[in-house]
Each structure stands twice: as structure tokens, then as C-alpha cells.
Amino acid sequence: MNSQQKKMTTFTNQQKYDLFAPEVLLDSYSLYRRMREEDPVHYCESLGYWILTRYDDVEAALRDERLSADRSALFINKLGNLDVNLIQNFIYVNSKMMMETDPPDHTRLRKLANQGFTTRAIESWRSIIQNVTDQLLDKVDNHSSMDIVSDLSVPLPALVIAEMFGVPESERANLIAWARDIGIFWGAPGSSNIEELARKADFATAQFYELMKQLIEERRSQPGTDMISLLTMAYEEQGFNLRELASQCNLILVAAQLTVQDQIPNGVNALLRHPEQMRKLQDNPALINSAVEEIIRFDTSAPFVLRIAKQDLTIGGKNIPTGSVIALGLGAANHDPAKFDSPSVFDITRSPNEHLGFGPGVHFCLGAILARMELTICLATLLRRLPNLRFDLDKQSIPRHTSLVFKGFDSLKVKF
Ligand code: HEM
């Protein structure tokens with residue numbers, strides 16, 4: 001292929017499957033359907049990623065040991081010609097997170113992290129989540145409108161993590177800003193202001209690391225029942241390693257904040273767009289667990305996870321060379337008609353509902369129990385306390401999709 005033809009192909013591909021086009025922001029699932037039907041293992045030239053959109057391919061890839069979760073090279077590549085030292089704190093912490101490691105290292109880190117998720121700890125979360133949800137809704141009680149994002153879905157996971165970690169009041173607002181700055185750089189596919197994003201993410205990582213160091217030292221001498229104490233005790237038994245321990249805490253903060261803050265508005269949006277389903281749930285609150293599973297399937301906040309090919313592979317007849325980045329389309333897989341009957345129908349009673357929202361395989365979401373608890377309590381409380389919930393038609397909702405890996409809203413205004 002000559003360079004002119006190559007340029008044409010690139011242009012056509014970009015036009016055909018532009019994951020960041022404005023209309024895709026409003027409806028990514030039509031694009032995923034076209035990709036699945038026309039080119040289910042697609043090489044996206046503009047991103048330099050292979051994109052999988054079929055359920056079977058995505059599920060198999062999540063379990064494939066020939067794919068690595070170590071994505072440090074991706075973060076460095078994003079910097080282009082900039083100095084790698086710009087993100088030295090970010091890389092120092094990120095490379096020790098279990099989500100960025102493969103077995104056997106991952107197996108060891110995950111086993112240690114599991115100690116923070118004991119049955120007793122999980123039981124204590126329910127009242128924390130209920131109290132935080134009620135406090136946030138108390139603040140808007142006297143109003144007739146609110147922003148689901150800024151009034152509820154952003155502060156909720158941060159306050160829950162703050163309680164679970166035992167973070168002092170004075171530091172709580174920082175948690176939101178740090179998770180945001182880390183998440184923006186994490187998810188950015190490369191952008192003109194990458195230097196600024198990288199600087200902010202590095203600063204946020206350094207600040208969070210300092211706070212964790214201080215809290216871990218405190219809990220080492222005076223352990224409590226919070227998650228940092230539980231993790232510190234587990235690490236004391238297996239050989240104390242501050243860098244590893246603080247890195248897992250950073251991962252838990254970021255993974256818990258960025259996904260839940262987007263999944264709540266995605267869920268509210270789905271319910272308000274399907275009033276008959278919302279009414280069904282209001283008439284029968286026991287359907288909340290199944291409704292939450294459908295909300296995650298229907299519009300997941302984590303539409304893609306990335307992997308790196310450790311060796312040459314063939315997927316769906318396409319040869320994928322070693323070192324390639326593969327974007328596993330969880331959101332696309334969750335709408336594959338080969339797996340789900342009428343996948344574009346939002347049905348809160350859907351059964352079975354084997355969605356890939358929590359990414360099966362060794363990296364299966366460690367926080368799935370917490371996420372489900374936050375979503376069920378938050379949405380059930382919202383519908384009970386504000387039964388007349390409806391879109392604020394005067395104010396535009398602002399979907400955000402500047403990143404491939406996180407999907408949500410910058411703002412979702414409602415009336416009640
Ligand atoms: C709706 C909310 C959530 C969604 C959709 C979600 C989704 C995911 C997905 C898809 C993965 C796999 C990532 C990969 O394979 O690269 C993952 C991993 C992970 N999630 Fe979640 N998550 C959610 C909430 C949470 C919460 C609340 C926590 C808090 C503890 C959490 C902690 C983690 C951790 C620590 C991992 C890494 C596990 C490992 O590498 O072994 N997540 N999550």
C-alpha cells in the first residue's frame with residue numbers, strides 16, 4: 001500500500017469508527033454495533049490500539065495469560081517527547097498497583113489486598129454508605145433541583161472511602177481532587193495539554209502517597225478496624241513494604257472513585273429515559289439488585305480495559321503483533337446480541353445477566369461488592385426520598401467521554 005492509499009485508509013477508518021465523535025458521546029452503542037458487525041477485531045490507526053467488540057473475544061482476552069496488564073509503557077508513551085521524570089511519582093506508585101501487574105506478582109498482591117475486604121469490614125460499609133447518602137440528600141432536601149454529579153455521585157464514593165480508610169476531615173476534599181487528576185491522565189488517550197495533565201497526576205500521586213505514609217505509620221502503632229489498619233496488619237505479617245501498601249491504597253481510591261462517580265449518573269440517566277422501568281422499580285423496590293446489574297450492563301462506567309500482547313497472537317483471524325495495545329470493549333460486549341436477548345432494551349428484570357462490567361479473570365473487580373452496595377443504597381434511597389425525580393429540561397446534561405476507559409457525565413441536572 002502506498003503512502004497516499006495508507007492515508008486514505010486511515011482517514012476512512014477514522015471517519016468510520018471515530019470513538020470520540022460528538023454523536024458517539026451521546027450514543028456509543030450504535031458505533032460499537034457497527035464495529036462488531038463489520039470489523040469486530042479492529043485496528044484503530046488514530047489510537048494505535050486493537051479494539052475488540054464481541055462478547056466472546058472480550059471474555060477470552062480477559063482470561064488470556066498471553067496478555068499483560070502492565071501498562072507503564074503506555075503512560076510513558078503518552079508523554080511523547082516530554083521528560084519521563086515528569087511522572088516519576090506516578091510511575092513509582094502505579095507500577096506496584098495490583099491492577100498493573102501479572103501473576104505471580106499479581107496473585108501475591110491481590111491476596112494481601114483481600115485482607116482489607118473481610119466479612120466484618122464489608123458488614124460495616126452498609127451503614128457508612130447509607131449515612132453518607134442521607135447526608136448528601138439532606139443538603140438538597142429544601143431545593144427542588146440538584147446535580148446528580150456534583151451533589152451526589154462525586155462526593156459519595158470519596159466520603160465512603162474516607163470513612164473506610166479513616167481519613168481526617170481536613171483531607172477529605174483533597175481525595176476527590178487527587179482521584180480526578182490521576183484519573184484524567186490515566187484515561188487520556190494523549191492530548192495537546194498532556195504536560196499539564198501529567199504534572200497534575202504526578203503531584204496528586206505524591207500528595208496522596210504522603211497522606212497514606214502518615215496514616216499507615218499511625219495505624220502501625222495504633223491499629224483500628226479501618227481498611228488501612230487491616231491492610232497494614234496483613235503487610236506486617238508478610239514483610240512490611242510501604243511502597244506496595246500505599247500503592248494498593250492509591251489504586252483502591254482511584255478505582256472506587258472514578259467508576260462509582262460515573263456509574264450513578266449513568267444509572268439515573270437510564271432510569272429517567274425509561275420511565276416505565278423506573279416506575280416498576282419504585283413499585284417493587286426489591287428489584288434494586290437486578291436493576292443495578294442491568295444499569296452496569298446497559299451503560300457501564302468502565303467501557304474499555306487495556307492489555308498489552310506479550311507475544312504474537314491471532315484473534316478473530318487478525319494477527320496481532322507482540323507489544324500491541326488491545327482495548328477490550330466491556331461496554332460493547334455487554335450489548336452483543338450473541339450473548340444478550342434484545343441488548344439495547346433496558347430491562348431491570350433481565351435474567352440471566354452475565355455482563356462483563358467487573359471484568360472477569362484474575363483482575364476481576366476487587367471492589368464489586370462495595371460498588372454494588374453503593375449503587376443499590378444510593379439509587380434506592382434517591383428514588384424513595386425523591387419519588388418525583390425527573391430531568392431538568394432547562395439544564396442540559398453534559399456527557400463526558402474524553403477518555404476511552406471512563407464514561408459518565410460532567411453534569412446531570414434533575415428536578416424533584
Ligand atoms: C460500578 C463500579 C465499578 C466498576 C464498573 C468497576 C470495574 C472494574 C473493572 C472492569 C476492573 C478490571 C480492570 C482490568 O482488568 O484491567 C476492575 C478492577 C478493580 N476494581 Fe473495580 N469497578 C467498580 C468499582 C470499584 C470499587 C468501588 C472499588 C473499591 C475497592 C474497586 C476496586 C478495584 C480494584 C482494586 C481492581 C483491580 C483488581 C485487580 O487488579 O486484581 N472497583 N474494576
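What share of the contacts in the chain with a separation of 6 or more comes from residues 24 or more positions apart? Such residues account for 71% of them, a contact being heavy atoms within 4.5 Å.

This is a predicted model, where local features need pLDDT of at least 70, side-chain atom pairs count only at pLDDT 80 or more, and totals for chains, interfaces and linings use all residues. Residues are numbered from 1 along each chain as its sequence is written, and side-chain values use heavy atoms, with hydrogens and water left out.

**View 1. Cys365 and the iron atom of the ligand.** Donors are N, O and S atoms within 2.8 Å of the metal (3.2 Å for Na, K and Ca); water is not among the atoms, so sites may look incomplete. Cys365 belongs to the loop between helix 17 (330-333) and helix 18 (368-385). Helices (H or I, at least four residues) are DSSP runs, numbered from the N terminus.

View 2. At 47% relative accessibility, Ser342 is partly exposed (between 20% and 50%, 1.4 Å probe, protein chains only).

**View 3. A cis bond between Pro103 and Pro104.** Omega is near 5° for this peptide bond. Look for Pro104 in the loop between helix 6 (88-94) and helix 7 (105-114).

Conventions. Helix = DSSP H or I, 4+ residues; strand = E, 2+ residues; numbered from the N terminus.
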